[in-house]
Amino acid sequence: LFIAITAILLILFPLELFVPTIATGSVIGLAAKAKRKEEVKGGLILGLYNFFPILEVHGLFVLSSATTAITAISMVLRYVEGDIRYFTIGLITVLWLIATLFRFLASFSEEAIVIRKLGIFAAVGHSFKLIISNVNHIMFLLLLLFVISLRILINTIVVLLIPALIIGIALLLALFLSPGLSYVIAGVMGILLMLAASYFFAYLHVFKQTVWTLTYMELSSKKELDVIEG
């Protein structure tokens, strides 16, 4: 069991590192092609070509992750003693808030990299300017944040319910079937439920990324507020 779990983790780690970043570049590029009435193909090439710039952008705002902040605070609570513990927690919280704000302002950086082929810092700067210059579109941004929050809520509910549902099915089947057969049936049903949940989450993610990409293209087509001529 230890060898099997270790092997699965070794496989999942590079997948977690590479697949989401490649998928982000693919979805952005294909959404842009669809809006421009071009043939929607070449997603893998778009994802691979833009992999490292997008990964570097994610690395710039690694502190904006709530998981990273919570992990750092947990380590401080566990290993740091004295008054400096609270100062360190406060510092981590402030850095997380600042990183979250900057990550929000850099929300269009991936689109700038894929669509305009800008460098990392140029893309981040372009995103800052675009969001600040279009404050009247804040309602759309709030709607997008609501969709993200809804996805997180659904993720949490599914993570809590699916294992409980599988255990309940296994216990119910064990009343009139053999334990081995009950576990097999419950395991198959659990896999099917996880696949269905993953399919639904993929729809939510693609919807969010596509709407964000189309909004970027619409806002980019407008004249910049600091440009008077040209």
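This is a predicted model: local features need pLDDT of at least 70, side-chain atom pairs count only at pLDDT 80 or more; totals for chains, interfaces and linings use all residues.

Me: How many helices and strands are in the protein chain?

Reply: Nine helices and zero strands. From the N terminus on, the order is α-α-α-α-α-α-α-α-α.

Me: And what share of the 230 residues is buried?

Reply: Buried residues make up 29% of them.

Me: Of the contacts between residues at least 6 apart in sequence, what share joins residues at least 24 apart?

Reply: That share is 67%.

Me: OK, the core. Which residues touch the most other members of the largest nonpolar core?

Reply: Phe-108 and Tyr-216 do, in a core of 19 residues. Helix H6 (109-116), helix H7 (120-133) and helix H9 (179-220) each supply at least two residues of this core.

Me: Which helix gives the largest share?

Reply: H7, with six residues. As a general point, nonpolar side chains in soluble globular proteins tend to be buried together.

Me: What is Tyr-216 in contact with, leaving aside neighbours within four places in sequence?

Reply: Phe-108, Glu-111, Ala-112, Ile-115, Arg-116, His-126 and Leu-130.

Me: Let's look at H6. Is H6 mostly covered or mostly open?

Reply: Mostly covered: six of its eight residues are buried. They are Ser-109, Glu-110, Glu-111, Ala-112, Ile-113 and Val-114.

Me: What do those buried residues of H6 pack against?

Reply: H1, helix H3 (51-60), H5, H7 and H9.

Me: What comes just after H6?

Reply: Lys-117, which takes a positive phi of about 60°. The residue sits in the loop between H6 and H7.

Me: Is Lys-117 buried or partly exposed?

Reply: Partly exposed, with a relative accessible area of 45%.

Me: Which other residue has a phi near 60° without being glycine?

Reply: Lys-37, and its phi is positive too. Look for Lys-37 in the loop between helix H1 (2-35) and helix H2 (43-49). Lys-37 counts as exposed because its relative accessible area is 75%, and the cut-off is over 50%.

Me: New topic: helix pairs. At what angle do H4 and H5 pack?

Reply: About 175°, with the axes 10 Å apart. H4 covers residues 66-79 and H5 covers residues 84-105. The angle therefore makes H4 roughly antiparallel to H5.

Me: Which residues meet there?

Reply: From H4, Ala-66, Ala-69, Ala-72, Ile-73, Val-76 and Leu-77. From H5, Arg-85, Thr-88, Ile-89, Ile-92, Thr-93 and Trp-96. By class, the contact has nine nonpolar, two polar and one charged residues.

Me: Which residues of H5 are buried?

Reply: Arg-85, Ile-89, Ile-92, Ala-99 and Leu-105. What covers them includes H4 and H7.

Me: What span should H5 have, and what does the model give?

Reply: At 1.5 Å a residue, its 22 residues should span 32 Å. The end C-alpha atoms of H5 are 31 Å apart, which agrees.

Me: What follows in the loop between H5 and H6?

Reply: Ser-107 lies in that loop. Ser-107 is buried, with a relative accessible area of 15%.

Me: Last one: Ser-220. Which helix is Ser-220 in?

Reply: Helix H9. Ser-220 counts as buried, because its relative accessibility is 16% and the cut-off is under 20%.

Definitions and conventions: Residues are numbered from 1 along each chain as its sequence is written. Side-chain values use heavy atoms; hydrogens and water are left out. A nonpolar core is a set of buried Ala, Val, Leu, Ile, Met, Phe, Trp, Tyr and Cys residues joined through side-chain atoms within 4.5 Å. Buried means under 20% relative accessible area, exposed over 50%, partly exposed in between (1.4 Å probe, protein chains only). Helices (H or I, at least four residues) and strands (E, at least two) are DSSP runs, numbered from the N terminus. Contact means heavy atoms within 4.5 Å. Axes are lines fitted to C-alpha atoms, for helices over the stretch in contact, and angles run from 0 to 180 degrees between N-to-C directions. Angles under 35 degrees count as roughly parallel, over 145 as roughly antiparallel, 65 to 115 as roughly perpendicular and the rest as oblique. Ala, Val, Leu, Ile, Met, Phe, Trp, Tyr, Cys and Pro count as nonpolar, Asp, Glu, Lys and Arg as charged, and the others, Gly among them, as polar. The expected span of a helix is 1.5 Å times one less than its number of residues.
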